[in-house]
Amino acid sequence: MEGVTAAEQFWRDGVVVLKDLFGEAELARISDEVDRVIRREVTYVPDADLVYEPGTDRLRNAFRLHQYERLFLDFAGKRQLWEVVRAILGEPVRLYGSQVFAKPARVGTAVPAHQDMAYWPFSPDDMLSAWIALDDSTEENGCVRFRLGSHRLGRLPHAASGVAGNSLGLAEAVDLPEFAAVIRRGNCVLHHSLTVHSSEANRSEMARRGLVYVYMGPKVELVAPGRMKGPAVFPVIESGSC
């Protein structure tokens, strides 16, 4: 809709695509480092923060990357991303998570429909994820699918999914319009912590790598410390000058 800002679309739909947010010059180094993580050429990510596709040695997820490598923390403050996040959440913007969803070619498994807040020990729900495409994301390689407006439903019941790396799924389906994030490398999708989303398996010959940052609004507090994985340290992303 012409004249609607990214922040307005985010609050209306629970998801917004930021097209061509990053060019090749900005993506090259972080993309190469993600590849090093995927190929297990780095030693800074502990085994506890790695998840593999079932029955394979192919990496599915790598978590908390900004806690182990400064490059990932710095990239979270890229000005063009930070400015949109700030407009949505307000200041200060804090970083909760950073992770890779590798979705490897041919073996990348499906992700059940879920809300991120089902996993996170925080309140209120003023959090968002920035999903940065490091590969073109297509129907064939398992693009993320969002249920438009589902963030307005509040926290929904979840149940065990049996999926490694995504252990929770909605207890009941949500009947809302679906948006399939078919996007190019360098695009970014922002979605609300309560927006229901999922993805299909990757049966193509092309990987679907996504680098994800999770940002917290100024009022968000840790309310269930016993559910926290890793240190309860949430760096402020201040200037967006990187």
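I looked up K103 and got a relative accessibility of 4%, so K103 counts as buried, the cut-off being under 20%. The model is a predicted one, and I read what follows with that in mind. K103 sits in the loop between β4 and β5. I then checked its backbone: phi of K103 is positive, about 40 degrees, although K103 is not a glycine.

I stayed in that loop and went on to G108. G108 is placed between β4 (93–101) and β5 (111–114). Its relative accessibility came out at 0%, so I noted G108 as buried. Which residues does G108 touch, leaving aside neighbours within four places in sequence? I found E53, K103, A201 and N202. K103 is thus a contact of G108, and I have K103 down as buried too, at 4%. I also looked up a C-alpha distance: G108 and P54 are separated by 9.3 Å, and they are 54 residues apart along the chain.

Next I looked at R40. R40 is in the loop between α2 (24–38) and β2 (50–52). It is not a glycine, yet its phi is positive, near 60 degrees. Is R40 buried, partly exposed or exposed? I read a relative accessible area of 29%, so R40 is partly exposed, as buried would need under 20% and exposed over 50%.

Then I went through the cis peptide bonds I had marked. One runs from E91 to P92, with omega near 0 degrees. I located P92 in the loop between α4 (79–89) and β4. Another joins S123 and P124, where omega is about -5 degrees. P124 lies in the loop between β6 (122–123) and β7 (127–133). I note that β6 ends at residue 123, and S123 is the residue joined to P124 by the cis bond.

The last entry is R145, a strand residue. I found R145 in β8, residues 144–147. Its relative accessibility is 14%, so R145 counts as buried, being under the 20% cut-off. What does R145 touch, not counting residues up to four places away in sequence? I listed E139, E178, F179, A180, V196, H197, S198 and E200. Among them I marked the glutamates E139, E178 and E200.

K103 is buried at 4%, whereas R40 is partly exposed at 29%.

Definitions and conventions: Residues are numbered from 1 along each chain as its sequence is written. This is a predicted model: local features need pLDDT of at least 70, side-chain atom pairs count only at pLDDT 80 or more; totals for chains, interfaces and linings use all residues. Side-chain values use heavy atoms; hydrogens and water are left out. Helices (H or I, at least four residues) and strands (E, at least two) are DSSP runs, numbered from the N terminus. Buried means under 20% relative accessible area, exposed over 50%, partly exposed in between (1.4 Å probe, protein chains only). Contact means heavy atoms within 4.5 Å.
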